[in-house]
Amino acid sequence: MFDSGLGGLSVLRELRAQLPHEDFLYVADSGHVPYGEKSDAFIRARTLAIAGFLLDRRAKLLVVACNTATAAAVRELRAGCPVPVVGMEPAVKPAAAATRSGTVGVLATTGTLASAKFAALLARFGRDVRVLTEPCPGWVDLVERGDCSGPAARAAVARHVEPLLAQGADTLILGCTHYPFLKPLIAEVAGPGVALIDTGAAVARHTRAVLTAEGRLAPGPRPGSEAFFTSGEPARLGPVLARLRGTAARLDALPAAVARA
């Protein structure tokens, strides 16, 4: 699995709960984070390079734990991939079902909100509700620094959440895998009457279903392992990985040929 950075650890947490015996390889493309302001061509190139690295290590399924990369590259990746590919998408369908006010807010990157995939998602599931979109520049960088609760993080969260609340949103979609790490702050700003929805748990259930259907689910009782790689600086990112994950883990550098843009 991979993400533009460390945000996909929020998905790994859900995957581990559903798949306790699987071995996970996680790539944080932190040398090129954030993806939200990058071109689709750049994101596709990164996605295919990282997928190749994971497939070389005998991955039996790929999880694109990044909404922006899914929107930009998952179709091309699936077309040429010999194993199943699971992607992410903002949870418009469950949010539309949950809202009481009829107004849903989507917090996501610029790249995700501008994508054809997101437009199709709105056309399919958002027709009966009012959907407000809010790009959140800077949120990914906060999480990549491990600043998920300080004054700067709270100010950034308030800057993007409060306009949605003012327009009547009672349900907020966390449309980036980094954003669940800001969920306590988002909940504090939004208040108890606002539902917060992300897709990590649903993606984990779907991944389990795919592996089960293909007869490739790892048997117990051996606990699964986790290995972490990054295109960024392991020495700098290691402490952030430990903070977000809740425990320290070895973080290795990607091979130079994979790490470079």
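**Note on the predicted model**

1. In helix α11, which runs over residues 234-245, the buried residues include Leu-237, Gly-238, Val-240, Leu-241 and Leu-244. Buried means under 20% relative accessible area, exposed over 50%, and partly exposed in between, with a 1.4 Å probe and protein chains only. Helices (H or I, at least four residues) and strands (E, at least two) are DSSP runs, numbered from the N terminus. An α-helix has 3.6 residues a turn, so residues three or four places apart point the same way. What covers the buried residues of α11? The cover includes α1 (9-18), α7 (139-144), β9 (226-230) and β10 (251-253). After α11 comes Gly-246, with a positive phi near 95°.

2. On sources: this is a predicted model, in which local features need pLDDT of at least 70 and side-chain atom pairs count only at pLDDT 80 or more, while totals for chains, interfaces and linings use all residues. Residues are numbered from 1 along each chain as its sequence is written, and side-chain values use heavy atoms, with hydrogens and water left out.

3. The protein has 12 helices and 10 strands. Its radius of gyration is 18 Å, close to the 18 Å that the globule rule gives for 261 residues, so the protein is as compact as a globular protein of that length. The radius is taken over C-alpha atoms, and the rule is 2.2 Å times the number of residues to the power 0.38. The C-alpha trace spans about 50 × 40 × 40 Å along its principal axes.

4. Of the 261 residues, 52% are buried. Among contacts (heavy atoms within 4.5 Å) with a separation of 6 or more, 74% are between residues 24 or more positions apart.

5. Ala-259 is a case to look at on the structure. This residue is found in helix α12 (residues 256-259) and is buried, with a relative accessible area of 15%. Leaving aside residues up to four places away in sequence, Ala-259 touches His-32, Arg-46, Ser-231 and Leu-254. Ala-259 and Asp-29 are 230 residues apart in sequence, yet 7.7 Å apart in space, C-alpha to C-alpha.

6. How many disulfides does the structure hold? The number is 0, a disulfide being a pair of cysteine sulfur atoms within 2.5 Å. For Cys-66, the nearest cysteine sulfur is that of Cys-176, 6.5 Å away. Cys-66 counts as buried because its relative accessibility is 4%. Cys-81 is in no disulfide either, and the nearest cysteine sulfur, that of Cys-66, is 16 Å away. Cys-81 also counts as buried, at 14% relative accessibility.

7. Some backbone geometry deserves a check. Most residues other than glycine have a negative phi, and most peptide bonds are trans. A cis peptide bond, with omega about 0°, joins Val-33 and Pro-34; Pro-34 lies in the loop between β2 (24-28) and α2 (40-56). Another cis bond joins Gly-220 and Pro-221, again with omega about 0°, and Pro-221 lies in the loop between α10 (200-213) and β9.

8. Arg-58 is not a glycine, but its phi is positive, near 65°. Arg-58 sits in the loop between α2 and β3 (62-63). Is Arg-58 buried or exposed? At 77% relative accessibility, Arg-58 counts as exposed.
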